[in-house]
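Subject: Structure for you, with notes

Hello,

Here is the structure I promised. Please open it alongside this email. My notes follow below.

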Amino acid sequence: MSDAETLSRGPRAYTAFIGIGLIAGLLSGLFGVGGGTVIVPLLVLFLHFNQRLGAGTSLAAIVPTATVGVISYAINGSVAWIPALILAAGAVVGAQIGTRLLPKISQTVLRWFFVGFLVIVIVSLFLVVPSRDAEFELELLNGLALLAVGVGTGVLAGLIGVGGGVIVVPVLMLAFGTSDLVAKGTSLLMMIPTAISGTIGNLRNHNVDLVAAAIVGVSACTTTALGAWLATLIDPTLGNMLFAAYLVVIAVQMAMKAIKGRKKKD
């Protein structure tokens, strides 16, 4: 048994799993993201999970977390069901493309590209604040655009392990004019089939710690609804600012990985 496996069964680790889940659940409900950007680095940092096992465990934990989040947003009518399924269909296909492209594309270049994308999104969030009265009207053209967004999200997920919410929520708000609440609820619904698909593949490759995923996921469920409730209370402008701050943290994480990747090559 490895050190990571031994630690993952100790009292300190169980406490850490619960704490990680509580934080991830709150952010998941508040911002409509899966929480993987919190779960993975904390599993790696505090519990010595390798990156692949951390990502697989995080993806499994997202399934119950996102489910509770969807229910919370659906109660307020803030889920676009068909657009979410279109996004999910594209993301499942895109993830397969991403994993196949993985050996052929520079991770450092991809990470810098994603940092650039996040910078544009962060600036845009201060310029555009969608109305909460806005309704998503599904038509042929924007349906095809949603499918393309789903594929692109899946490709990035497969290539650099970025969760769908970080991409889908701002794109739905800024490009499709969707309200922030509908964007978050729709993003969480999109993640469920995507996360299930990815988890099945990870289980086959033994890249999931089921005990850790269960504890993190169940813990996250206890705060996801709280996060979703807080999202309805927060003014859209403040919500955009908080989401922008969250994206800054992710951009810094990704930039640090890109810098480390370049140093290793040098």
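Which residues does Val166 touch, not counting residues up to four places away in sequence? They are Val33, Thr37, Phe114, Leu118, Leu247 and Ile250. Contact here means heavy atoms within 4.5 Å.

First, the ground rules. This is a predicted model, in which local features need pLDDT of at least 70 and side-chain atom pairs count only at pLDDT 80 or more, while totals for chains, interfaces and linings use all residues. Residues are numbered from 1 along each chain as its sequence is written, and side-chain values use heavy atoms, with hydrogens and water left out.

Confidence

pLDDT is the predictor's confidence in each residue, from 0 to 100. The protein averages 86. A score of at least 70 is reached by 94% of the residues. Helix α10 (residues 210–233) has the highest confidence, at 95. Helix α1 (residues 3–7) has the lowest, at a mean of 44. Over residues 1–8 the pLDDT stays under 50. The model has 13 contacts for that stretch beyond four places in sequence. Where pLDDT is low, the predicted coordinates should not be read in detail.

Overall build

The protein has eleven helices and zero strands. Both are DSSP runs, numbered from the N terminus: helices are H or I with at least four residues, strands are E with at least two. The radius of gyration is 17 Å, close to the 18 Å that the globule rule gives for 266 residues, so the protein is as compact as a globular protein of that length. That radius is taken over C-alpha atoms, and the globule rule is 2.2 Å times the number of residues to the power 0.38. Along its principal axes the C-alpha trace spans about 55 × 40 × 30 Å.

Buried means under 20% relative accessible area, exposed means over 50%, and partly exposed is in between (1.4 Å probe, protein chains only). Take the contacts between residues at least 6 apart in sequence: 84% of them join residues at least 24 apart.

Helix α2

Helix α2 covers residues 11–31. At 1.5 Å a residue, its 21 residues should span 30 Å, and its end C-alpha atoms are 30 Å apart, which agrees. The expected span is 1.5 Å times one less than the number of residues. Its buried residues include Ala13, Phe17, Ile20, Leu27 and Phe31. Gly32 follows α2, with a positive phi near 75°.

Core and aromatics

A nonpolar core is a set of buried Ala, Val, Leu, Ile, Met, Phe, Trp, Tyr and Cys residues joined through side-chain atoms within 4.5 Å. The largest one has 66 residues. Those with the most contacts inside it are Phe17, Phe114, Val166, Phe243, Tyr246 and Leu247.

Rings of Phe, Tyr and Trp (its six-membered ring) pair if their centres lie within 6.5 Å; planes under 30 degrees apart count as stacked, over 60 as edge-to-face and the rest as tilted. That rule gives six aromatic pairs. One of them is Phe243 with Tyr246, stacked at 6.4 Å centre to centre and 20° between the planes. These two are three residues apart in helix α11 (residues 236–265), so about one helical turn separates them. Phe243 is buried, at 1% relative accessibility. Tyr246 is buried too, at 8%. Elsewhere, Tyr14, Phe17 and Phe49 form one aromatic cluster.

Val249 also lies in helix α11. Val249 is partly exposed, with a relative accessible area of 47%. Its C-alpha atom is 9.3 Å from that of Thr37, 212 residues apart along the chain.

Points to look at on the outside

Most residues other than glycine have a negative phi, and most peptide bonds are trans. His48 has a positive phi, near 60°. His48 sits in the loop between α3 (36–47) and α4, and is exposed at 52% relative accessibility. His206 also has a positive phi, near 60°. His206 is in the loop between α9 (180–204) and α10, and is exposed at 68%.

Ile75 is in helix α4 (residues 51–75). Ile75 counts as exposed, at 68% relative accessibility.

Best wishes
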